[in-house]
Amino acid sequence: MRLATIRTATGLRAVRLDGDTAVETGETDVRTLLERPDWAEHAAAAGGPVHDASTLDLAPLVPSPEKILCIGLNYRDHVLEMGNELPEYPTIFGKFAPALIGARDEIELPSQSDRVDYEAELTVVIGQSVRHADAESARAAIAGYTVLNDVSMRDYQRRTKQFLQGKTWEHSTPLGPELVTPDELPADPADGGALRIRSELSGEIMQDSTTDQLVFGVVDLIVYLSTILTLNPGDVIATGTPGGVGDARTPPRYLTDGAEIVTSVEGIGECRNVARSLQ
Ligand code: ZN
């Protein structure tokens with residue numbers, strides 16, 4: 001099953017995507033849908049108003065998650081190519097909901113930063129509450145997967161050791177286009193499956209890797225994070241990005257006014273966003 005949150009003239013709607021059409025589920029967004037214990041059955045059976053899937057106005061997949069957890073330095077190929085040792089523990093940081101935008105929205109480029117970078121990330125969406133998960137309950141807590149572009153203001157990120165200030169600029173972070181349940185994917189990341197993950201900047205491939213390169217896999221991450229706090233429906237976990245980010249290139253490449261950045265994961269879909277300078 002594939003789910004999305006769309007904007008309509010009368011507000012947000014959670015929809016089920018059936019090929020060329022999107023069917024309203026009666027819930028306002030994917031978080032409120034996932035908060036129903038029967039979300040899968042409810043969404044599968046829903047028969048609300050129907051929209052043409054080609055003209056949807058996509059909101060952030062989860063417009064206001066309780067938590068947006070992000071993992072740094074988590075691709076084996078990227079860590080080793082940088083000459084670093086594989087980490088013992090995951091690097092964890094967060095974003096706040098005002099950072100999120102839809103999969104086709106414009107990324108706001110603030111005048112205060114001239115090092116705005118992209119990071120394609122496989123992202124887990126939680127479908128049921130879980131604390132102190134073991135591997136089995138971690139898997140059961142996964143509703144599905146989506147894509148997050150962890151847009152990063154590298155100059156602000158590096159001002160201090162804590163890099164939150166480079167990671168949560170308002171209207172910077174595409175999340176979507178849709179939630180895809182594991183059964184729809186060619187390989188399940190929870191089994192270490194390899195899905196191709198890519199980014200393309202104004203037509204040029206910048207990142208191209210596979211999700212079997214994750215150092216801490218999605219099950220490991222849910223086990224680890226749920227030791228610290230309860231993960232709840234609609235929470236998102238961005239699992240980190242492979243090599244090829246703009247800041248690590250020679251010469252560096254950043255998002256500039258009018259540039260289009262496409263971030264994609266095989267079987268899920270893509271965020272396609274134009275960067276736009278704030279006037
Ligand atoms: Zn990231």
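**Ground rules.** I number residues from 1 along each chain as its sequence is written. As the model is predicted, local features need pLDDT of at least 70 and side-chain atom pairs count only at pLDDT 80 or more, while totals for chains, interfaces and linings use all residues; side-chain values use heavy atoms, with hydrogens and water left out.

Glu119 sits in the loop between β9 (116-117) and β10 (120-126), and Asp150, 31 residues apart from it, in the loop between β11 (142-149) and β12 (152-153). Helices (H or I, at least four residues) and strands (E, at least two) are DSSP runs numbered from the N terminus. Both Glu119 and Asp150 are buried (under 20% relative accessible area; exposed is over 50%, partly exposed in between; 1.4 Å probe, protein chains only).

**Pocket.** For pockets I used a 1 Å grid over the protein atoms alone: an open set of points where a 1.4 Å probe fits, with protein on both sides within 12 Å along at least five of seven lines, and lining residues having an atom within 4 Å of a point. The largest pocket is lined by 21 residues, and Leu73, His78, Glu119, Arg154 and Gln157 lie nearest its centre. I found that β5 (68-72), β6 (91-95) and α5 (154-157) each supply at least two lining residues.

**Cysteines.** I searched the whole structure for disulfides (pairs of cysteine sulfur atoms within 2.5 Å) and found zero. For Cys70 the nearest cysteine sulfur is that of Cys271, 13 Å away. Cys70 counts as buried because its relative accessibility is 0%. Cys271 also has 0% relative accessibility, so it counts as buried.

**Strand β14.** Strands pair if DSSP finds at least two bridges between them. β14 runs antiparallel to β15 (residues 204-210), joined by six bridges, with Arg196 opposite Thr210. Two residues separate β14 and β15 in a hairpin, and Ser202 in the turn has a positive phi of about 45 degrees. β14 also pairs with β17 (residues 260-265) in the antiparallel sense over five bridges, with Ser199 opposite Thr263.
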